[in-house]
Amino acid sequence: MDDPVLLTGAGGHVGQTVYERLKDDYDWRLLYHTQPSPEPDHPYFTGEVQDTDTVRPAIEDVGAVIHLAGDPRRDAPWRSVISNNIDGTHTIYELAVEAGVEKVVFASSNHAVGAFETDERTPEMYRADDDFRLDGTERPRPGNKYGISKATGETIGRYYHDEYGIAVCNIRIGNLNEDHPPIDYERGQAMWLSTEDCAHIHDCALQADYGYETVYGISDNDRKYYSLERAKEVLGYEPRDNSAHFDGDERVVKPD
Ligand SMILES: NC(=O)C1=CN([C@@H]2O[C@H](COP(=O)(O)OP(=O)(O)OC[C@H]3O[C@@H](n4cnc5c(N)ncnc54)[C@H](O)[C@@H]3O)[C@@H](O)[C@H]2O)C=CC1
Ligand SMILES: O=C1O[C@H](COP(=O)(O)O)[C@@H](O)[C@H](O)[C@H]1O
């Protein structure tokens, strides 16, 4: 991607993870909610992602968008997800059409499919010896209103792909922690996405050719209930981390 790339939610956890690691690789445009400090090295904009007057100048002349801005809380209330997540994502796509954007990478979530984690399947599905896998071809099955907003974001992308030809990659992100995988949280270990793998999968999604894709964004954990096949095949994703290789403090060498 030689054209500028707009990163929304640039000040957040995922945004900083992506920007810090790929800072020199793209001609970034950054959308922050509020004034960033210190100022970033690339042109930036501030405001509400659902506000066309905020987004229009930010998306001008952009070739691709990584859309992260939104309310990430799993218990986010309806009014918030309607505004920040659903209306915000609609605004991004609507102005992407206007600006001639070729590709949108959308931060979807494990919570778009959270209701697959039924009482009958859990906690066994979180364990390394269990072979249950979601692969991205299943229909969304949200477990909360936040999950509804992510499933809706995927569907908004489907419309803008079919109607306007925008290439869309929904990354159903698992669990990005500050540093190491969570300890004593089987589910968290199963859907852990390391910071390096997080930057890498977003880089892959900017580089690869596809039409409309939904992939899972997790590291190559021994415990997993999401398939990585589609991300590997379509995006060229090569995860390097595995939650099993951390003991809570640091990477440990596992015996063969
Ligand atoms: N961190 C994780 O483990 C996961 C994150 N995600 C998704 O990834 C995206 C980023 O999440 P995080 O970085 O963890 O959250 P975060 O809260 O750290 O970052 C989100 C950013 O978006 C901004 N924002 C929120 N509403 C906005 C609005 N209306 N207009 C402009 N900016 C707005 C916030 O100020 C914040 O800087 C979110 O869409 C979230 O749903 C999905 C799955 C897992
Ligand atoms: O989508 C998200 O998922 C992560 C992981 O989910 P959790 O239920 O294990 O907490 C969550 O931490 C993050 O806030 C959310 O945006």
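Predicted model: local features only at pLDDT ≥ 70, side-chain atom pairs only at ≥ 80, totals over all residues.

Reader: What radius of gyration would a compact globule with 256 residues have, and what does the chain have?

Author: For 256 residues, a compact globule would come out near 18 Å; the chain has 18 Å, so the two agree. Of those 256 residues, 55% count as buried. The accessible surface comes to about 11800 Å², and 42% of that belongs to carbon and sulfur atoms.

Reader: And what share of the contacts join residues at least 24 apart?

Author: Take the contacts between residues at least 6 apart in sequence: 67% of them join residues at least 24 apart.

Reader: Now a strand, please. How do I read which way side chains point?

Author: In a regular strand, side chains alternate between the two faces of the sheet. Six of the six residues in strand 9 are buried.

Reader: Which way does strand 9 run against strand 6, parallel or antiparallel?

Author: Parallel, with six bridges joining strand 6 to strand 9.

Reader: Let's zoom in on one residue. Is Ile166 buried or exposed?

Author: The idea is to compare its relative accessible area with a cut-off, and under 20% counts as buried. Ile166 has 3%, so it is buried. You'll find Ile166 in the loop between helix 4 and strand 6.

Reader: Which residues does Ile166 touch?

Author: Leaving out residues up to four places away in sequence, its contacts include Tyr93, Val97, Val104, Tyr160 and Gly211. For a contrast, look at His200: from Ile166 it is 34 residues away in sequence and 22 Å away in space, C-alpha to C-alpha.

Reader: Tyr93 and Tyr160 are both on that list. How do I describe a pair of rings?

Author: You describe a pair of aromatic rings by the distance of the centres and the angle of the planes. Counting pairs with centres within 6.5 Å, you get eleven aromatic pairs. In one of them, the centres of Tyr93 and Tyr160 are 5.3 Å apart and the planes meet at 15 degrees, so the pair is stacked. That pair links distant parts of the chain, with Tyr93 in helix 3 and Tyr160 in helix 4, 67 residues apart. Both Tyr93 and Tyr160 are buried.

Reader: Why is the pair of Tyr126 and Tyr225 called tilted?

Author: Their planes are at 55 degrees, with the centres 5.4 Å apart, so that pair counts as tilted. Tyr126 sits in the loop between strand 5 and helix 4, and Tyr225 in the loop between strand 9 and helix 7, so the pair ties together parts 99 residues apart in sequence. Tyr126 and Tyr225 are buried too.

Reader: Which tyrosines do ring pairs link into a cluster?

Author: Tyr93, Tyr159, Tyr160 and Tyr164.

Reader: Last one: where do I find a charge lying over the face of a ring?

Author: Check Arg141, which lies over the face of Phe116, 5.0 Å from the ring centre. Arg158 lies over the face of Tyr212, at 4.4 Å from the ring centre.

Conventions. Residues numbered from 1 in each chain as written. Chains lettered and ligands numbered in written order. Heavy atoms only, no water. Phe/Tyr/Trp six-rings, centres within 6.5 Å; stacked < 30°, edge-to-face > 60°. Helix = DSSP H or I, 4+ residues; strand = E, 2+ residues; numbered from the N terminus. Buried < 20%, exposed > 50% of the residue type's maximum accessible area, 1.4 Å probe, protein only. Lys NZ or Arg CZ within 6 Å of the ring centre and 35° of its normal. Rg over C-alpha atoms; globule rule 2.2 N^0.38 Å. Contact = heavy atoms within 4.5 Å. Areas by Shrake-Rupley, 256 points an atom, 1.4 Å probe, with all protein chains shown as cover. Pairing = 2+ DSSP bridges.
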